[in-house]
Amino acid sequence: MSPETLNPLPAPLGSPQPAAGTPAVEAEGVCRRYGRRWALVNVDLSLPRGSALVVAGRNGSGKSTLFRVLSTLIRPDRGTTRIFGLDPRADLHSARRRVALLSHHSNHYEALTALENLEVAARFLGRPASRAALVPRLGDVGLAERADDPVMTFSAGMRKRLTLARTLLQEAEVVLLDEPYGQLDPPGFRLVDDVVVGLRSRGATVLVATHQLERGAALCERGLVLEAGRVAWTGPASDLVRGSGLEPASLAEGGA
Amino acid sequence: MSELSAALRKEALLQWRTRAQLAAVFVFGASALLLFSFAIGPDSAALRRHSAGFLWLGLLLASTLTLAESFQSEMEQRALEAQLLMPVRPAALFYGKAISNWAQLSLLGFALVPVMVVLYDAGTDRLGALLGVILLGTAGLSAPGTLYAAMTSQARARQTLLPLLLFPLVVPVLLAATRASSLLITGDPMGQVRSWALLLACFDAIYWSLCGLLFGRVVED
Amino acid sequence: MDLDDGRPAAAFFFAGLGVLLLLAGSYWGLFVAPAETYMGDVQRIMYVHVPTAWNTMLAFTFAFGCALAFLFLGGWKWDSRMEAAMEVGVVLAVLVCMQGAIWAKPTWGVWWDWDPRLTTTAVLVFAFAGILALRHFVDDPVRRATWSAVATIVAFVDVPIVYYSVRWWNSLHQMQSTPETVSSAFHWPLRINAFAILFLMIAAISLRSRIAALRLRTELAPPPPAPAPQTGTAAAEATR
């Protein structure tokens, strides 16, 4: 299946169509600060459509901030980002339509049930929001039996699964997964693997931030290592563990 | 606009799930009205004269509770962020929230009217007009209140900041609503209720547009 | 003129000029100008009260302008100036209320007479004190600046509404108000003091916004240093 046949979001009338060959995600000289600290410094990045990038780095290296900037949730203080050539500063709405972010906040309404959370999202996205349409989506992430339970009764892993279901609902062309393996059990790990493979087979561009280096390297063909907000290494994902120049043991400690 | 209707459905769902809260706020409002009467004393004539003021003071105090609560569910897991990214226009999210808060405060106002009638002997034969004034006045509290609640729910000392910011701003609403309600209760020989209602309507028009425009700057980073 | 980072000498010049003019205008108003026919010497407080009131509104209007500039043009200097203008405005507004009370007590027998302009000023004190409190409780400088600019716009738009609603509310009860017109014999001390307080205000805002700008400098990190040469860049070029 060629990427060009996939455009799940019917583009709104008049929205700019990217020229063939436009990179899906670009960042040039991106800097972002929080108060006194620069969380990202001079990050450059260019990903063609359909590619996949695994982003690694210690805690606090800026992975989440990078994903929040690339997904247009927050603006860079310096530098530019582009999604299919669209600059969020010029056309935020069109850029956001093409990107989905799995954040490490669960973004749920605790008082609502799993199904209701998806319903709310589906209505905003203009997608079918009936029970019949959404329960299968919950089934895809293993939550079908808990569809009518309030999210406040969910464990962390179940919350993560629901967030995954909601992110996939958007059917975006660029999907950023920030620590998708976090809080999940081994079946959950396999679920995330299947999701990434599925996204790629549909031609989506995927970025995964994770500490699970081997899994990330197996799913993606490119790798990038952040250290203290700067790009410390880029290269083929297969070299991520061996050739990144950083001690892989310290990077691979811990889950997520 | 479909985004607005999606936002309204979301609010309705959230309100329905947390409906026990509305009952709690009503009890708060009713007990406030009771306490105000202790401040005046058992002088029925004085109580009747000031009943409108007590009603609106009670509503104002209760609004700080409901407004602060309205953003609680958005902020605890950052649900608002996910919606902004879908993308949903911030104005749609604002109006959904403001309308929901308006409905809540109006319902509270309507529910407090019988309490006021009983405690202060403050009946009126122009009940429809009184309910109308409640609608206009609570709209004036709701729009700036929603904007400020969005800010203060992400700041420190949020309990004190919201009333601190909101109260000076809504002085015209308090003045106009109290005057209009009072005239409806004690009699309006010169037909001034309409003018006060007009003032409320102007305040509402200005602030519902202004706050909708500014909401994006408050929630985007 | 760059009020924030320029040498404070300009501010001190204004302050000095303002003090001189204030002394001149106040002397004239207190001792030289004739007493007013009905109110006598009590009315002399107008020579300070009216100019202070004018300048209070000027300060808050300037704060409003800075808020708009910050939101639409960007630039941290507008945030510093807005903070300074708000603080100076609150101080002046409190002075106006105190002067109004000092005038009201011997004249009407009560400390506060619900005069529409005075009442509006009192509401402004609380409104802008609240915004200053908001600034205090938000740590992130960008958020603090954006939110207080938004709050300033919302509060300033309210000023005419508050004024008219209080005026109307008051007119139904009583018609007391501070005298609006001052006859021509009294204009000169008024004008001198108006400029005096204006210069003092400019000096205060300028100095205060310098302090705010300096504090911002410590809160915001300096620009990041130039990128260091990276390992594996050649490999990165090859895979793009």
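How are α1(C) and α6(C) oriented to each other: roughly parallel or roughly antiparallel? In this predicted model, α1(C) and α6(C) are roughly antiparallel to each other.

**Two packed helices in chain C**
- Helix α1 (residues 9-32) of chain C packs against helix α6 (residues 187-219) of chain C at an angle of about 155°, and their axes are 7 Å apart.
- The contact of α1(C) with α6(C) is made up of 21 nonpolar residues, six polar ones and no charged ones.
- The crossing in which α1(C) passes α6(C) is left-handed.

**Where chain B touches chain C**
- Here 23 residues of chain B are in contact with 23 residues of chain C.
- On the chain B side, at least two residues each come from α7 (127-152), α8 (158-169), α9 (171-186) and α10 (193-219).
- With seven residues, α10(B) gives the largest share of that side.
- Sorted by class, the side of chain B that touches chain C holds 20 nonpolar, three charged and no polar residues.

**A sheet in chain A**
- Three strands of chain A make an open, antiparallel sheet in the order β2-β1-β4.
- β2 (37-47) and β4 (78-83) of chain A each have a single partner strand, so one side of each has no neighbour in the sheet.
- On average, and ignoring direction, neighbouring strands of this sheet are turned by 25° against each other.
- Five bridges join strand β1 (residues 25-34) of chain A to β4(A) in the antiparallel sense.
- A:Val25 has A:Ile83, in β4(A), as its bridge partner.

Terms used:
Residues numbered from 1 in each chain as written. Chains lettered and ligands numbered in written order. Predicted model: local features only at pLDDT ≥ 70, side-chain atom pairs only at ≥ 80, totals over all residues. Axes fitted to C-alpha atoms, helices over the stretch in contact; angles between N-to-C directions. Helix = DSSP H or I, 4+ residues; strand = E, 2+ residues; numbered from the N terminus. Parallel < 35°, antiparallel > 145°, perpendicular 65-115°, else oblique. Left-handed = near helix turned anticlockwise from the far one by under 90°. Nonpolar A, V, L, I, M, F, W, Y, C, P; charged D, E, K, R; others polar. Contact = placed C-beta atoms within 7 Å. Pairing = 2+ DSSP bridges.
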